[in-house]
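User: I would like to learn how to read a protein model. Please go through the features one at a time.

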Amino acid sequence: TILISRTLRATGEVVRSKFSLVDLAGSERAKKTGAEGQRFKESVTINQGLLALGNVIAALDGASSHVPYRESKLTRLLQDSLGGNSHTLMLACVSPADSNLDETVNTLRYANR
């Protein structure tokens, strides 16, 4: 997380910005990667975080009365960066390889939410 504060000369107003860079690598299907043991547990946790993040985004987009920030560590960490007057950008890294077509399509669908 990068925090930046700036005082505007004209008004003296303090503007604060926060940049959170989160790498969600490892969200691939466990069957395809052959992950076992600790790596498998990590991928399950990442996928649960992605699901929770998707639920939060859907709740914010639908103006739901309840936004489920507490569903994962990821959404709790990003809570102040997702709602209110914040701007959120998601970068999706995809592969042009035919063998990764399913995951590429799923990644693009997720990022399009």
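User: Does H66 count as buried or exposed, and at what relative accessibility?

Analyst: This is a predicted model, in which local features need pLDDT of at least 70 and side-chain atom pairs count only at pLDDT 80 or more, while totals for chains, interfaces and linings use all residues. Residues are numbered from 1 along each chain as its sequence is written, and side-chain values use heavy atoms, with hydrogens and water left out. Buried means under 20% relative accessible area, exposed over 50%, and partly exposed in between, with a 1.4 Å probe and protein chains only. H66 has 55% relative accessibility, so it counts as exposed. H66 sits in the loop between α2 and α3.

User: Which elements does the protein have, and in what order do they run?

Analyst: Helices (H or I, at least four residues) and strands (E, at least two) are DSSP runs, numbered from the N terminus. Here there are 4 helices and 2 strands. Their order from the N terminus is β-β-α-α-α-α. The radius of gyration is 17 Å, well over the 13 Å that the globule rule gives for 113 residues, so the protein is more spread out than a compact globule. That radius is taken over C-alpha atoms, and the globule rule is 2.2 Å times the number of residues to the power 0.38. Along its principal axes, the C-alpha trace spans about 55 × 30 × 25 Å.

User: How many bridges join β1 to β2?

Analyst: Two strands pair if DSSP finds at least two bridges between them. Strand β1 (residues 2–7) and strand β2 (residues 14–19) are joined by 6 bridges and run antiparallel. Within this pair, S5 has R16 as its bridge partner, and I4 stands opposite S17. Strand β1 is hardly covered, since the count of buried residues among its 6 residues is 0.

User: What is T75 in contact with, leaving aside its neighbours within four places in sequence?

Analyst: Contact means heavy atoms within 4.5 Å. With those neighbours left aside, T75 is in contact with A52, L53, V56, P68, Y69 and R70. T75 lies in helix α3 (residues 73–82), and at 0% relative accessibility it counts as buried. Q79 is also placed in helix α3, but Q79 counts as partly exposed, at 38%.

User: How far apart in space are Q79 and Y69?

Analyst: A distance in sequence and a distance in space are read separately. Q79 and Y69 are 10 residues apart in sequence and 6.3 Å apart in space, C-alpha to C-alpha. For H66 and V56, also 10 residues apart in sequence, the C-alpha distance is 9.1 Å. A58 and P68 are again 10 residues apart, with 9.9 Å between their C-alpha atoms. A58 belongs to helix α2 (residues 37–61) and is partly exposed, at 44% relative accessibility.

User: What share of the 113 residues is buried?

Analyst: Buried residues make up 18% of them. Among contacts with a separation of 6 or more, 28% come from residues 24 or more positions apart.

User: How many positive and negative side chains are there?

Analyst: Lys and Arg count as positive and Asp and Glu as negative, while His and the chain ends are not counted. The place of a charge is taken as NZ of Lys, CZ of Arg, CG of Asp or CD of Glu. The protein has 14 positive and 11 negative side chains, and the centres of the two sets lie 6 Å apart.
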